[in-house]
Amino acid sequence: MIERRKFVRFDAVMSALCEIGRGIKRVYEISNISKEGALLLLDTPLNQDSELNLSVDVPGDNVPIFVSCSVAWQKESIMEPKKKIYETGVKFTKIDSFDKGRFLEYIYSQWLKLLERT
């Protein structure tokens, strides 16, 4: 399989309030985060290029990070009996440069902690 990713992925997990369409808001976890995207585990099927707005909670920080993104891909998987989960790859389309710095700083700090343990 050919690796198509441009940026390194970090295995940090963060909580995010996700707005899907208009008015549907739920809290999900984001993981597998890079400079340009992340993985969301959703309970809703979405079309490619669907737009989402995320309000990401950074542990230890009182101010969330606001990110607009679009669905790059989605695949159905079953995590629990009779409960469908959709692995959803999203691409960040709009994020304030200051917020992007805060976001990447947290992810990088988690990666360094992991390296110190090994």
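Biologist: Is R102 buried or exposed?

Modeller: This is a predicted model, and in it R102 counts as buried, at 15% relative accessibility. The cut-off for buried is under 20%.

Biologist: Which residue does R102 form a salt bridge with?

Modeller: With D61; the closest N and O atoms are 2.9 Å apart. R102 lies in helix α1 and D61 in the loop between β4 and β5, so the pair ties together parts that are 41 residues apart in sequence. D61 counts as partly exposed, at 32% relative accessibility.

Biologist: Why would such side chains pair at all?

Modeller: Side chains of opposite charge can pair when their charged atoms come close.

Biologist: How many salt bridges are there?

Modeller: The count comes to five. One of them joins R26 and D43, at 3.4 Å from N to O. R26 sits in strand β2 and D43 in the loop between β3 and β4, 17 residues apart. R26 is partly exposed, with a relative accessible area of 38%, and D43 is partly exposed as well, at 36%. Another of the salt bridges pairs K84 with E76, with 3.9 Å between the closest N and O atoms.

Biologist: Which residues do salt bridges with shared partners join into one network?

Modeller: D61, D99 and R102.

Biologist: New topic, the strands. In which sense do β1 and β2 pair?

Modeller: Antiparallel, over seven bridges, with β1 covering residues 14-20 and β2 residues 24-31. They form a hairpin with three residues between the strands, and G21 in the turn has a positive phi of about 65 degrees. S15 stands opposite E29 in β2.

Biologist: And β2 with β3, how many bridges?

Modeller: Two, again in the antiparallel sense. That hairpin has five residues between its strands, and N32 takes a positive phi near 50 degrees.

Biologist: What about the inside? Which residues of the largest nonpolar core touch the most other members?

Modeller: M14, I30, L52, L54, V56 and F103, out of 26 residues in that core. Strands β1 to β6 and helix α1 each supply at least two residues of this core. Setting aside sequence neighbours within four places, M14 is in contact with residues including I30, V56 and F103.

Biologist: Last one, S55. Buried or exposed?

Modeller: Buried, with a relative accessible area of 15%. S55 is found in strand β4. Beyond its neighbours within four places in sequence, S55 is in contact with S15, A16, L17, P64, I65 and F66.

Conventions:
Residues are numbered from 1 along each chain as its sequence is written. This is a predicted model: local features need pLDDT of at least 70, side-chain atom pairs count only at pLDDT 80 or more; totals for chains, interfaces and linings use all residues. Side-chain values use heavy atoms; hydrogens and water are left out. Two strands pair if DSSP finds at least two bridges between them. Helices (H or I, at least four residues) and strands (E, at least two) are DSSP runs, numbered from the N terminus. Buried means under 20% relative accessible area, exposed over 50%, partly exposed in between (1.4 Å probe, protein chains only). Contact means heavy atoms within 4.5 Å. A nonpolar core is a set of buried Ala, Val, Leu, Ile, Met, Phe, Trp, Tyr and Cys residues joined through side-chain atoms within 4.5 Å. A salt bridge is a side-chain nitrogen of Lys or Arg within 4 Å of a carboxyl oxygen of Asp or Glu.
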